[in-house]
Amino acid sequence: MLIIGGGMAGLLCAFELKRAGLDCLVIEAERIGGGVTANTTAKITSQHGLIYSKLLKTYGPEAAKGYYQVNQAALARYRELAAEILCDFENKDNYIYTLEDTAALDSELEALFRAGIPGELVHQLPLPMATAGAVCFRDQAQFHPLKFLAGIVGDLNIRERTRAYRIEPGKVWTNQGCIRAKKIVVATHFPILNRRGLYFVKQYQSRSYVMALEGAQQVEGMYLDASGTGLSFRNQEDFLILGGGSHRTGKETAAWEPLSAFAKAHYPGAREAARWAAQDCMTLDQMPYIGRYSPATPWLYVATGFNKWGMTGSMTAALLLKDQLLDRENSYARLFDPARSMLHPKLGLNILESALNLLTPTRPRCPHQGCALKWNPWEHSWDCPCHGSRFDSKGKLLDTPAIRDMKDR
């Protein structure tokens, strides 16, 4: 068994497979846990925005309940493992709040009731601005992902600095040579194989910004704006982790400036201790793609599209893929099937974005599919608006789906 990608999803998959008695190898292009996993806000929750009203409308109450159950199982597995790992694991309530209109909250609560999912409306929140209310999921969690990974990787077979360039039945070509495996899992954040699965049109990448404030308030929970473009709050020890500014990778942005302005206005005595950015794969229907990479590749599997909920999504992927790789039935697998329908309005937007940037007559170009790259002055990087690949100022690859440095094209 070969797993490509040494982030949370790939390493958890290897850990669960090893516990099940399977021999597997993890290869990572750089250092394990050093990519998207290192930049997460590390919330472990089944409440992924106001998703249940959308799932109820699109797939029905059974699918909504199933989505909740499988994510709760992921949370329970984290809780079980964290009992033996020092990783700052804390049980916290999770809140999706709105600043003004509560109609979306009412719709979500109705969906939760119809699907038999526990949730409650809360009106008073310990946030520094006025809110209209929030939907709360009790007894969720947060942790330190790198400390957690340090506790599970000890017995795993891992090869760092090993980048996959080509995937074929039974083998993967890397910069270190050819690796043979009967089954292969692609856990590279954004899938790197273009010929199958059509992932480059059925998802895109989103960038958002985070800062750690010292001397700000304790909010005693985890909070996210229901709009998906507002602010996120949680505490880590004495720090307030403040996030926001979500936008499609490669688009113009004010980056950390709105967060800095908010902090100055609402936490005037706080000190900015750190800032960083996160990148997430966003799917057409807000559910991950977990399972067979495509119907034509029964030997190849994928875990991607966690829609900003990568910690819960990674464990969900590990548990589902373990069953599939062991040829076990899993009643939740069909929910996340990557071959499910692509008919969604976002599909047209993704195709349009790619077409516009392919036709833009500027250089440099992305080595993934030739789109025009955009200069990101905040992070001093070249970013691809089509599929989210990123490169540093000298052309070194930072984020997939590209597999080569910019200079190689």
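Analyst: Let us begin with a cysteine: Cys-371 is buried, because its relative accessible area is 1%, and buried means under 20% relative accessible area, exposed over 50% and partly exposed in between, with a 1.4 Å probe and protein chains only. Please keep in mind that this is a predicted model, in which local features need pLDDT of at least 70 and side-chain atom pairs count only at pLDDT 80 or more, while totals for chains, interfaces and linings use all residues. Residues are numbered from 1 along each chain as its sequence is written, and side-chain values use heavy atoms, with hydrogens and water left out.

User: OK, which residue is joined to Cys-371 by a disulfide?

Analyst: Cys-371 is joined to Cys-386, with an S to S distance of 2.1 Å, where a disulfide is a pair of cysteine sulfur atoms within 2.5 Å. The structure holds 1 disulfide, and its torsion about the S-S bond is about -100 degrees, so the disulfide is left-handed.

User: And where do Cys-371 and Cys-386 lie?

Analyst: Cys-371 lies in the loop between α9 (345-359) and β19 (374-376), and Cys-386 in the loop between β20 (381-383) and β21 (390-392), so the pair ties together parts that are 15 residues apart in sequence. Helices (H or I, at least four residues) and strands (E, at least two) are DSSP runs, numbered from the N terminus. Cys-386 counts as buried, because its relative accessibility is 1%.

User: Switching topic, which residues of helix α2 are buried?

Analyst: In α2 (residues 51-59), the buried residues are Ile-51, Tyr-52, Ser-53, Leu-55 and Leu-56, and they pack against α3 (61-82), α4 (103-115) and β6 (133-142). After α2 comes Gly-60, which has a positive phi, near 100 degrees.

User: Which residues touch the most other members of the largest nonpolar core?

Analyst: Those are Tyr-52, Tyr-78, Phe-143 and Phe-148, in a core of 65 residues, where a nonpolar core is a set of buried Ala, Val, Leu, Ile, Met, Phe, Trp, Tyr and Cys residues joined through side-chain atoms within 4.5 Å. The largest share of this core, 10 residues, comes from α3.

User: What is Tyr-78 in contact with?

Analyst: Leaving aside neighbours within four places in sequence, Tyr-78 is in contact with residues including Met-8, Leu-12, Phe-143, Phe-148 and Met-311, and contact means heavy atoms within 4.5 Å. A second, separate core of 26 residues includes Ile-4, Ile-192, Phe-200 and Tyr-289.

User: One last thing, how many residues line the second largest pocket?

Analyst: It is lined by 18 residues, and His-144, Arg-234, Gln-236, Ile-241 and Trp-276 lie nearest its centre. On a 1 Å grid over the protein atoms alone, a pocket is an open set of points where a 1.4 Å probe fits, with protein on both sides within 12 Å along at least five of seven lines, and lining residues have an atom within 4 Å of a point. The largest share of the lining of this second largest pocket, 3 residues, comes from α5.
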